[in-house]
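Here is a friendly briefing to read alongside the model. Have the viewer open as you go through the points.

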Amino acid sequence: MRKVLSIIIILCIIGSLFVSSSQTYEQQSLIPTLENVLPNKPFEAALSALYIPYWDTTISIEGRGYYYFVEFLLRKGAHFVLFGLLAVGVFLSLPSRLPRFMIASIFTLLLACADELKQYLTGGRTATFRDVLLDMAGALTFLLILQSIRWSRSQKEND
């Protein structure tokens, strides 16, 4: 049952990546929604202290405004989490006799590259190696957490 659920998660993530990478920035902008959902700009003071280097610029509330900055954080956070879940799904769907960590990492890397290529081919989008690195950071973080949980469980069973 876990393998079937893992495959369903993998397919849903790949499908959502394909759809979102096919849309222009304007088509998937969260700014109007954020303006409606967060009219009081919660955590604005705390977020104002953050300056994130990205490409050849710095992303901040001061430079781009509150809603653009929150959208940036949500988009990058979604990449991190989605590719982390994808890697875990691949890992769990594979037979244990295989080098699952390596296969899940490579599969996720290939999909991250394919996602950036799709964005490159979509008008109004940019593809960056930094996004591939972010995707892989999510994948490796989630895989390491999964491995830690599995190791901890095996230690408890051996005690």
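**Salt bridges, burial and cysteines**

The side chains of Asp131 and Lys76 form a salt bridge with an N to O distance of 3.0 Å; the term stands for a side-chain nitrogen of Lys or Arg within 4 Å of a carboxyl oxygen of Asp or Glu. This pair joins distant parts of the chain, with Asp131 in helix 7 (residues 129–158) and Lys76 in helix 5, 55 residues apart. This is a predicted model, where local features need pLDDT of at least 70 and side-chain atom pairs count only at pLDDT 80 or more, while totals for chains, interfaces and linings use all residues. Residues are numbered from 1 along each chain as its sequence is written, and side-chain values use heavy atoms, leaving out hydrogens and water.

**Salt bridges**
- The structure has 2 salt bridges.
- Asp131 is buried at 4% relative accessibility, and Lys76 is buried at 17% (buried is under 20% relative accessible area, exposed over 50%, partly exposed in between, with a 1.4 Å probe and protein chains only).
- Glu71 and Arg75 also pair through their side chains, at 3.3 Å from N to O.
- Both Glu71 and Arg75 sit in helix 5 (residues 66–93), 4 residues apart, about one turn of the helix; helices are DSSP runs of H or I with at least four residues, numbered from the N terminus.
- Glu71 and Arg75 are both buried.

**Ser6**
- Ser6 belongs to helix 1 (residues 2–21) and is buried, with 3% relative accessibility.
- Beyond its neighbours within four places in sequence, Ser6 contacts Gly89, Leu92 and Ser93 (contact means heavy atoms within 4.5 Å).

**Cysteines**
- The count of disulfides is 0, where a disulfide is a pair of cysteine sulfur atoms within 2.5 Å.
- Cys12 is exposed at 52% relative accessible area, and Cys113 is partly exposed at 39%.

Technical notes: Helix = DSSP H or I, 4+ residues; strand = E, 2+ residues; numbered from the N terminus.
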